[in-house]
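The tour goes from one residue out to its surroundings.

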Amino acid sequence: MSDTTATEGTGGRPPGIDEVLERVRAGYQRIEAQEAHKAALTGDALLVDIRYAALRERDGLIPGAVVVERNELEWRLDPQGSHRLPEATGHDLRVVVVCNEGYASSLAAASLHQLGLHRATDLVGGFQAWRAEGLPVEPAPA
């Protein structure tokens, strides 16, 4: 018996990344920049920036967002993990994952769902959408 059935795309072939993104995004409600900004201001959401250092240095940071490298995300946000951030207080935490353009963050949010963070989502359009909306950005520390 093959274990590829769950991962097969149309026609029995493996799914491409566009199909994978469509599937994972169907599992939660994504959030737009203005709504994410309001949720962060009111304390209803933790913004988590997973962009790599060169992009943060080039484009700046979202004030108040927690920077977590993508390869550490699950370890830092698992409320049961020994390497969790202080902000990782429970499975009800509303996390908004931010990448550069809103693609990698979708996969990251899906991974957080697998850890039981059922309110995890990602920012539609990523950091670039945030900046295009004229929302606050600060320079990265030198």
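This is a predicted model. Select D49 and show everything it touches. Beyond its neighbours within four places in sequence, D49 is in contact with R56, L61, V66, V67, V68 and V98.

Now colour D49 by accessibility. Is D49 buried or exposed? D49 counts as buried, because its relative accessibility is 1% and the cut-off for buried is under 20%.

Next, show the side chain of R51. A polar contact of 2.7 Å joins it to the side chain of D49. The charged end of R51 sits over the F127 ring, 3.9 Å from the ring centre. Do not look for ring-ring pairs, though: the whole structure has zero aromatic pairs.

Go back to the cartoon. D49 belongs to strand β1, residues 46-49. Select the sheet around it. Four strands make an open sheet, ordered β2-β1-β3-β4, with parallel pairing. At the edges are β2 (66-67) and β4 (121-122), each pairing on one side only.

Zoom in on β1 and β3. Strand β3 covers residues 95-98, and its parallel pairing with β1 runs over four bridges.

Last stop: helix α5, residues 104-114. Which strands does α5 touch? The helix packs on the sheet against β3 and β4. View α5 together with β3: their directions make an angle of about 150 degrees.

Conventions. Residues numbered from 1 in each chain as written. Predicted model: local features only at pLDDT ≥ 70, side-chain atom pairs only at ≥ 80, totals over all residues. Heavy atoms only, no water. Helix = DSSP H or I, 4+ residues; strand = E, 2+ residues; numbered from the N terminus. Buried < 20%, exposed > 50% of the residue type's maximum accessible area, 1.4 Å probe, protein only. Polar contact = N/O pair within 3.5 Å; in protein donor to acceptor, adjacent residues only side chain to side chain. Contact = heavy atoms within 4.5 Å. Pairing = 2+ DSSP bridges. Axes fitted to C-alpha atoms, helices over the stretch in contact; angles between N-to-C directions. Phe/Tyr/Trp six-rings, centres within 6.5 Å; stacked < 30°, edge-to-face > 60°. Lys NZ or Arg CZ within 6 Å of the ring centre and 35° of its normal.
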